[in-house]
Amino acid sequence: MTPWLTVVGIGEDGFKGLGRTARHALLRASHILGSPRQLALLPVCIRGERTSWSSPFSLDPLLARRGEPVCVLASGDPMFYGVGASLVKQIPIEQMRVIPAPSSCSLAAARMGWPLQEVVTLSLVARPLAALNAHLSSGVRLLLLSNDRHSPGAVAALLRERGFGASRMSVLEHLGGEAERRLDASAGQWSDPQVADLNLIAIECRAEPSALRLSRLAGLPDSAFEHDGQLTKRDVRAVTLARLAPTPGELLWDVGAGSGSIGIEWMRAHPSCRALAIEADEGRQGLIERNRDNLGVPGLQLIRGRAPQALEGLEPPDAVFIGGGVTREGVLDTCWARLKPGGRLVANAVTLQSEMTLMAWRDRHGGELTRLHIAQAQPLGEFDTWRQALPITLLDLTKPLDA
């Protein structure tokens with residue numbers, strides 16, 4: 001099949017920076033779509049009809065010209081946080097060609113002297129700034145695609161608040177063009193100068209002694225979470241998440257989420273992991289919202305309601321954790337029925353009644369029961385002794401593929 005659509009990545013250097021293939025595609029195109037800034041970079045010799053993207057953004061004007069020789073302009077690499085990612089969802093790749101230019105992150109890494117494979121890249125374009133919190137660690141290098149001219153100031157404020165005011169910041173604008181400029185300062189000394197709307201922020205993270213150091217591994221300190229006592233404690237949480245076994249792209253239901261710790265750590269395991277936190281208590285809902293932002297997973301979705309009623313209509317999960325409510329009628333049955341074949345279900349019990357429920361469930365469906373006894377050394381007069389926490393019974397089972 002001959003491609004009718006060509007997606008051309010274009011940089012600040014405009015038409016003169018394009019290769020022969022991209023130039024010929026533009027010269028042959030009957031129609032060219034792009035932003036006003038991108039279309040203005042084309043010379044008068046390009047005869048194709050020029051159309052700016054509509055607001056709100058829609059692919060309809062492009063799809064209406066399916067089969068014609070059409071070009072779409074994109075900034076830099078169209079497949080790097082660009083329009084190319086939207087196009088391939090609706091147009092088979094066999095019907096299109098993508099001709100990338102260097103992305104802003106490639107140019108920034110070249111200017112900074114940073115090996116690109118060692119850098120974390122994030123986009124702040126129409127995304128919550130709180131997602132940055134998951135990546136703050138001393139020595140980490142970050143490249144952030146800014147939402148607008150206000151992004152550098154907001155990022156500097158967040159770094160100061162999180163104990164990373166010593167981090168080095170560089171703001172690069174108009175990369176690859178004649179107006180290219182770079183501004184350098186520490187986050188603590190950032191004076192919020194005027195910058196272009198199109199800018200990129202390079203950060204070399206440096207933690208101050210007061211900064212909270214958080215591992216990506218399961219089992220964050222209990223102090224990392226705001227909670228009212230309804231918290232799956234650190235050691236039990238680490239075991240629970242090991243049994244849930246987060247895998248990239250999978251969805252978790254955290255039923256009776258409390259402070260949200262299980263769903264939050266599930267999502268911190270990989271950027272593509274997703275979680276729904278189901279919680280009925282209004283106070284704990286607020287805890288979940290603050291914890292998810294503070295720990296860098298603002299995409300965790302809060303479902304306000306009580307299981308099993310609140311589970312109706314939700315996307316089927318790859319894994320389910322039930323931290324509370326296993327004795328409530330219909331909770332286990334609904335979770336098991338909605339769980340995808342091959343999915344994992346983990347439930348924790350503290351009371352005798354909930355433990356009996358898990359034992360009865362294992363008798364019907366199988367699985368593994370584990371009892372966890374955690375003791376911590378605490379002072380007793382001039383000496384120390386072991387203080388036993390309440391034992392936890394954990395049920396872990398996998399749904400058969402043919403269920």
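Helix α11 (residues 352-365) lies across β15 (344-349), β16 and β19 (392-398), and runs at about 25 degrees to β19; contact here means heavy atoms within 4.5 Å, and axes are lines fitted to C-alpha atoms, for helices over the stretch in contact, with angles from 0 to 180 degrees between N-to-C directions. Helices (H or I, at least four residues) and strands (E, at least two) are DSSP runs, numbered from the N terminus. The model is a predicted one, in which local features need pLDDT of at least 70 and side-chain atom pairs count only at pLDDT 80 or more, while totals for chains, interfaces and linings use all residues. Residues are numbered from 1 along each chain as its sequence is written, and side-chain values use heavy atoms, with hydrogens and water left out.

The strands β15, β16 and β19 belong to an open sheet of 7 strands with mixed pairing, in the order β13-β12-β11-β14-β15-β19-β16, where two strands pair if DSSP finds at least two bridges between them. Because β13 (301-304) and β16 (368-372) stand at the edges with a single partner strand each, one side of each is left without a neighbour in the sheet. Within this sheet, β11 (residues 251-255) and β14 (residues 319-322) pair in the parallel sense over 4 bridges, and W253 stands opposite V320 in β14.

A further open sheet, of 5 strands and also of mixed pairing, has the order β6-β7-β10-β8-β9. Its neighbouring strands are turned by 20 degrees against each other on average, direction ignored. Strand β6 runs parallel to β7 (residues 141-145), joined by 4 bridges, and T121 stands opposite L143 in β7.
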